[in-house]
Every structure is written in structure tokens, then in C-alpha cells.
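Good morning, and thank you for coming. Please look at the structure on the screen, and I shall then take you through several of its parts in turn.

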Amino acid sequence: MGFLWFGRKTRLRPYAVVASPQPPASPLQPVLSVEPEPAPEPVVATAPTPDEALQLLKDGNAAFVSGMTSLGHVTAHDLEPLQGGQHPIAVIVGCADSRTPPTILFNQGLGQLFIIRVAGNTVDRRGLASIVYAVKHLKAPLVVVMGHSGCGAVAAAEAIVDGAPLDPSLEEMIVPIIPAVLAARRTSPADPARAAVEENARWVARKLNSADGALADAVEAGTVRIVAAVKDMTTGRVDFYE
């Protein structure tokens, strides 16, 4: 959501006959003057606060769940006002699962969400750099770490905790999730799978608060908020956690 500047325009009033201090050369030749209206001040589209951005996502998800989405009206013409740059309202750290596209879940069109997706919604060094870029340079006011029920990556981490062998090719995906699985199990939850998904999202969100100095400073200043969320695979509803 960029900053839109509208050009200053001068509109002319209709010509008016103004008395001249000197008599006109001829009564048929009045002296005319043009008085332009004051130019309006430029209008700037201000970015939302962290709380406002979060509410926009909640409202968008409610629209998705109810079937009242507006994305059917998004076309290539919507790219035109974005040519000058991007100012997303939120960064979404999501799972790569094909059933969890953030733009659809939150009913947000082009230019609204800066998205990092990887199986298990974890963050490596490149992912962290992308988040910092969005917060520091694009001024995104909100970071959401979003998991989802039935996550295969979290289930794989649970299996490792239960003694299954670790596939070396999946190590980078699974190992970062294991601490969250262990933390969730220490609470003896009624639904261990759901608890592991929730704790994994919370775990990553907590780590982001101190993973980079720019993020930590923005959070402390109140210009950025980092929250965890979980999408229910059955209903499509997204629940947010502080």
C-alpha cells in the first residue's frame, strides 16, 4: 500500500470584470483579471499502525471464511499504482503448504502482503534478512508467523521425537521444529499435534523478537508488532496469539 501523491492543480475561476484605477481606453474594453483558487494540499495515504494492520488481516480472514472475498476483482490493472514501489501492511511467515496461501486467506490484493514461505514456517538467515528488509525499508508494521493444523513438517518433527529415523535430506526442515515439539509436550496437551503447531508458530515469533537488532528496536518502539497465528485446515479460520 504505497504513498499516493496527487499533483497540484490550479483551476481558474470564470473571468470577472474588475474596476481599473484608470478609466479604460474604451467602455467596450474592460480590464480582466484571473484569480486562481488556492491549490489543495497533497494527499498522503498513511500506513496502518500495527494494531490496524492486524485488524485488517482479521477482517480479511472473516471475509474469506464467510465467502465475501473481493479478490475476484483483482486484475493486472491493479499493478499500475504499484509501479512506484511497495508498502505492505504485513509480513507473513507462512508454511509452503499449497492449501495456505496468505493472500487468499486474508483477502488481500496486490502489494499488501510481503510473504516468506517455507515448510514448517521456520526462519533461516535469508528469511530473517527478508523480514528485516520489509520492516526496515518497506516500513511493514506487522509480522505474522502463521502455522496450520495438520502441518506435515511439524508431524515429521513429532515423529523424530518419537524415535523415527531422520532423513538427512529433510534435516534443514525438521530439526528447527523439534524444540517447539518438545516444549508443547511438556504441557501434556489434550491434542499434541495441534499444540505442537501452535507452539512452533509461537516459538518462531518469540525468536524473531530478538533475532535482529532492527527488529528488536522496532518492537520496543511500538512501530512493529510480531504475533503468531494458526490456520485451521478445516474451516479456514486463522487464530492469532500474542
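Let me begin with a term: two residues are in contact when heavy atoms of theirs lie within 4.5 Å. A second term concerns the elements: helices (H or I, at least four residues) and strands (E, at least two) are DSSP runs, numbered from the N terminus.

What you see is a predicted model, in which local features need pLDDT of at least 70 and side-chain atom pairs count only at pLDDT 80 or more, while totals for chains, interfaces and linings use all residues. Residues are numbered from 1 along each chain as its sequence is written, and side-chain values use heavy atoms, with hydrogens and water left out.

First, the chain as a whole. Its secondary structure consists of eight helices and seven strands. Of the 242 residues, 35% are buried; the term buried means under 20% relative accessible area, exposed means over 50%, and partly exposed lies in between (1.4 Å probe, protein chains only). The accessible surface is about 14,200 Å², and carbon and sulfur atoms account for 57% of it. Such areas are computed by the Shrake-Rupley method with a 1.4 Å probe, and for residues only the protein chains shown count as cover. Among contacts between residues at least 6 apart in sequence, 69% join residues at least 24 apart.

I turn now to the packing of helices. Two packed helices are described by the angle between their axes and the distance between the axes. Here the axes are lines fitted to C-alpha atoms, for helices over the stretch in contact, and angles run from 0 to 180 degrees between N-to-C directions.

How do the axes of α6 and α7 cross? The axes of α6, residues 178-185, and α7 come within 8 Å and cross at roughly 125°. The two helices are therefore oblique to each other. On this scale, angles under 35 degrees count as roughly parallel, over 145 as roughly antiparallel, 65 to 115 as roughly perpendicular, and the rest as oblique. The crossing of α6 past α7 is right-handed; a crossing has that name if the near helix is turned clockwise from the far one by less than a right angle, and is left-handed if anticlockwise. On the α6 side, Pro-179, Ala-180, Val-181, Ala-183 and Ala-184 meet Ala-195, Ala-196, Glu-199, Asn-200 and Trp-203 of α7.

Helix α4, residues 152-161, also packs against α6, at an angle of about 70° and with the axes 9 Å apart. This angle makes α4 roughly perpendicular to α6. Val-154, Ala-157, Glu-158, Ile-160 and Val-161 of α4 make the contact with Ile-178, Val-181, Leu-182 and Arg-185 of α6.

Which residues of α6 are buried? They are Ile-178, Ala-180, Val-181, Ala-183 and Ala-184. Their cover includes α4, α5 (171-174) and α7.

Next, consider Arg-194, which belongs to helix α7, residues 192-211. Its side chain forms a polar contact of 2.9 Å with that of Glu-198 and another, of 3.2 Å, with that of Tyr-241. A polar contact is a pair of N or O atoms within 3.5 Å; within protein, one must be able to donate a hydrogen and the other to accept it, and residues adjacent in sequence count only if both atoms are side-chain atoms. Not counting residues up to four places away in sequence, Arg-194 touches Ser-149, Val-230, Asp-232, Asp-239 and Tyr-241.

Val-227 and Tyr-241 are 14 residues apart in sequence, and their C-alpha atoms are 6.1 Å apart in space. Val-227 is buried, at 2% relative accessible area. Its contacts beyond four places in sequence include Leu-54, Leu-142, Ala-205 and Phe-240.

Asn-121 lies between β4 (113-117) and α3 (125-136), and is buried with a relative accessible area of 1%. Among its contacts beyond four places in sequence are Cys-95, Met-146 and Asn-200.

Most residues other than glycine have a negative phi. Asn-107, however, has a positive phi near 55°; this residue is in the loop between α2 (102-105) and β4, and is buried at 14% relative accessibility. Lys-139 likewise has a positive phi, of about 65°, and sits in the loop between α3 and β5 (142-148). Lys-139 is exposed, with a relative accessible area of 55%.
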